[in-house]
Each structure stands twice: as structure tokens, then as C-alpha cells.
Amino acid sequence: MINIRKAAIIGCGFVGASSAFSLVHKGLFSELVLIDANHAKAEGEAMDLSHGRPFTSPMKIYAGSYDDISDCSLIIITAGANQKPGETRLDLVHKNVAIFKSIIPEITKRNFEGILLIVANPVDILTYAALKISGYPKERVLGSGTVLDSARFRYLLSEHLNVDSRSVHAYIIGEHGDSELAVWSSANVSGIGINDFCELRGHYEHDEAMDRIYRTVRDSAYEIIERKGTTYYGVAMAVSRIAESIIRNEHSVLPVSSLMEGEYGLTDLCISVPTIVSAKGAEQVLEIPLSQEEKEKLQKSAAELKKVLDSAI
């Protein structure tokens with residue numbers, strides 16, 4: 001039996017602990033299990049989070065083991081080697097695929113029936129690895145994908161236009177990494193096309209602004225890593241947003257990473273595109289309109305991921 005209000009986080013590093021903190025504030029769960037190779041670290045995080053319970057919703061938070069996960073509705077995997085300065089997300093692939101080959105079988109042998117949310121990088125590769133190792137239906141395995149990248153995109157557009165970021169509708173799709181692309185053709189502010197809205201706000205140098213904003217989005221993680229060593233707050237909030245859509249069965253459209261089966265002409269890889277996210281997980285991939293240039297960039301991004309998959313999986 002699945003307990004819809006029970007979740008587990010595997011990996012209690014910066015991303016895992018920050019995700020736990022964000023989930024506690026969301027109040028989505030009544031039980032949260034923290035699992036880490038360093039059990040004492042998981043215990044410390046559970047203690048620290050539990051001390052804030054008087055300020056939030058009631059929740060049992062504890063350090064556990066794989067034996068505690070069988071009835072979870074959601075397992076969030078953040079475990080893996082961290083991205084170091086000068087290292088791309090794809091450089092991490094071999095180290096983290098090996099880690100997943102030890103984690104995923106521990107989950108499957110407990111008859112887990114919920115959703116797997118992959119957050120560790122390179123997220124598209126590891127989502128595919130988790131899917132293949134687990135043998136779960138494709139809807140039940142998804143990655144955090146470009147949900148954070150799209151949030152960065154919306155934030156930067158909102159700053160450029162001096163408008164509420166919640167009114168900005170725009171996606172980053174493709175690999176969560178260097179080959180990702182901005183979908184400018186459908187970007188809008190409350191239904192007004194992005195170029196038209198820019199001109200309403202006095203901005204006319206569209207090509208220069210588009211290039212600058214895209215590059216800032218793409219390189220954001222590197223800039224943060226250079227300054228503070230790693231990123232975790234933004235992705236933690238992205239994780240809790242995805243969890244919210246799953247647990248509340250919202251059917252929200254989020255650019256998560258999931259298996260392609262012919263959508264956009266892509267097959268047998270996980271990549272991020274707008275997807276209906278519900279209690280089923282990655283319920284339905286949406287094929288949004290793309291310009292010819294965007295279609296070509298998405299194909300190139302997929303080709304980059306395929307090259308890594310062929311060597312790593």
C-alpha cells in the first residue's frame with residue numbers, strides 16, 4: 001500500500017538537505033525519510049529539520065534505511081558526486097551511473113510502487129539509467145530536468161522587463177546542461193508575445209537581449225559554483241514544485257525529463273520537454289510548437305545526450 005503522504009530523500013548533501021527543507025515548508029508530507037551512505041549525516045539533518053516543526057505542519061522526519069521506503073509515494077534521489085568548478089554535468093556521468101547501479105536495485109527489491117524523481121546530475125542520463133535499471137513504467141521515473149533552468153529563464157526575463165516572473169511563460173528544453181535551448185517562439189507575458197512585450201517596455205534590441213539572457217541561463221550553475229562551490233537552493237525549490245504537482249495530482253505542465261517514444265522525433269532517451277505531471281508521474285509529454293531553428297537545436301541536444309548514453313549505459 002502506498003502512503004500518499006510519505007516520501008524519502010536518498011542523498012543528504014546540500015541538494016538533498018535543501019530539498020528536505022523546502023518540502024517541510026510546503027507541508028506536503030506527514031512522514032519524510034532521509035537516507036544517506038553516512039547515516040550520522042542523515043540523522044543530523046533529520047534532527048535539525050525536526051526542531052523547526054513547531055513553525056510548520058506536523059511531520060515525522062527521521063533518518064532511515066531502504067527498509068523504510070516500500071510504502072513511500074515519492075522517492076527523490078539526489079545522491080551522487082558533486083559538480084566541481086570547470087566540470088560539466090556530463091563529466092559526472094560515469095561516477096554517478098555507478099552509484100545508481102547500487103541504489104536502484106535496493107529500491108526495487110522493496111516492492112516500491114510510487115514515483116522516482118531523479119535530481120542528481122547529469123539528470124537526463126541518470127533518469128534513463130534509473131528507468132532501465134528499475135524496469136518501472138516510464139511514467140513512474142522522471143527527472144527534475146529543466147524545471148530550474150526554465151525558472152531562471154522566467155526570472156531573467158522578468159528582471160529585463162520589470163514584470164512579475166509569475167506572469168512570464170517561457171521554457172528551456174533539451175538537456176539540462178550546455179546544449180539546452182530557449183523556446184523563444186512561444187515565450188510570452190500573459191499572452192503577449194515576448195518581442196511585443198519587450199517593445200511595450202522600451203526594449204528593441206531583441207537579438208542582443210535574447211542571446212545575453214539565454215547565455216546567462218545556460219551558464220548560471222557555473223557562475224554560482226565559481227562563487228559558492230555548488231548550487232542547491234534553486235533546485236530544492238524546483239524539486240518541491242514537482243513534488244507538489246505529483247502529490248496534489250495537479251496535472252501541472254513542467255519541463256521534466258522523461259522517456260521519449262517518438263515525440264519530437266526522439267526515441268530511447270530521456271530529455272526535458274513540457275510534460276503533464278500528476279499522481280501518475282510524467283503522465284503525458286506535450287509536443288509544443290517549435291520554430292525550425294528550435295527543432296534543429298533540440299535534435300542536436302538529443303544527439304549530445306545519445307553520445308553519452310551510448311558510452312555510459
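**Figure 1. An open sheet of three strands, E7-E10-E11.** In this predicted model, 3 strands form an open sheet in the order E7-E10-E11, with antiparallel pairing; helices (H or I, at least four residues) and strands (E, at least two) are DSSP runs, numbered from the N terminus, and two strands pair if DSSP finds at least two bridges between them. Strand E7 (168-169) and strand E11 (192-193) are the edge strands, each of which pairs on one side only. Strand E10 (residues 188-189) is joined to E11 in the antiparallel sense over 2 bridges, and valine 189 stands opposite isoleucine 192 in E11. Strands of a sheet pair through backbone hydrogen bonds, either parallel or antiparallel. Residues are numbered from 1 along each chain as its sequence is written. Because this is a predicted model, local features need pLDDT of at least 70 and side-chain atom pairs count only at pLDDT 80 or more, while totals for chains, interfaces and linings use all residues, and side-chain values use heavy atoms, with hydrogens and water left out.

Figure 2. Methionine 210 is found in helix H7 (residues 206-228). Its C-alpha atom lies 9.0 Å from that of alanine 182, a residue 28 positions away in sequence. When residues up to four places away in sequence are not counted, methionine 210 touches Trp184 and Asn195, where contact means heavy atoms within 4.5 Å.

**Figure 3. The hairpin of strands E13 and E14.** Strand E13 (residues 257-261) and strand E14 (residues 267-272) run antiparallel and are joined by 4 bridges. Glutamate 261 stands opposite threonine 267 in E14. The hairpin has 5 residues between the strands, and glycine 262 takes a positive phi near 110°.

Figure 4. Strand E12 (252-254) pairs with E15 in the antiparallel sense over 3 bridges, and leucine 254 stands opposite threonine 275 in E15. E15 also pairs with strand E16 (residues 281-285), in the antiparallel sense over 4 bridges, and here serine 278 stands opposite glycine 281 in E16. E15 and E16 form a hairpin with 2 residues between them. In a regular strand the side chains alternate between the two faces of the sheet. Both faces of strand E15 (residues 275-278) are covered, as Thr275 and Val277 on one side and Ile276 and Ser278 on the other are all buried; buried means under 20% relative accessible area, exposed over 50% and partly exposed in between, with a 1.4 Å probe and protein chains only.

Figure 5. Most residues other than glycine have a negative phi, and most peptide bonds are trans. A cis peptide bond, with omega of about 0°, joins asparagine 121 and proline 122, and proline 122 is found in the loop between strand E5 (115-118) and helix H4 (123-134). Asparagine 162, in the loop between helix H5 (147-161) and E7, has a positive phi near 55° although it is a residue other than glycine, and this asparagine 162 is exposed, with a relative accessible area of 63%. Histidine 251 lies in the loop between helix H8 (233-247) and strand E12 (252-254). Histidine 251 is likewise not a glycine and has a positive phi of about 60°, but with 39% relative accessibility histidine 251 counts as partly exposed.

Figure 6. Serine 179 is found in the loop between strand E8 (172-173) and strand E9 (181-182), and serine 179 is buried, with a relative accessible area of 18%. Its C-alpha atom is separated by 7.9 Å from that of lysine 297, 118 residues apart along the chain. Leaving aside neighbours within four places in sequence, serine 179 is in contact with Ser301 and Glu304. For the protein, residues 24 or more positions apart account for 70% of the contacts with a separation of 6 or more.
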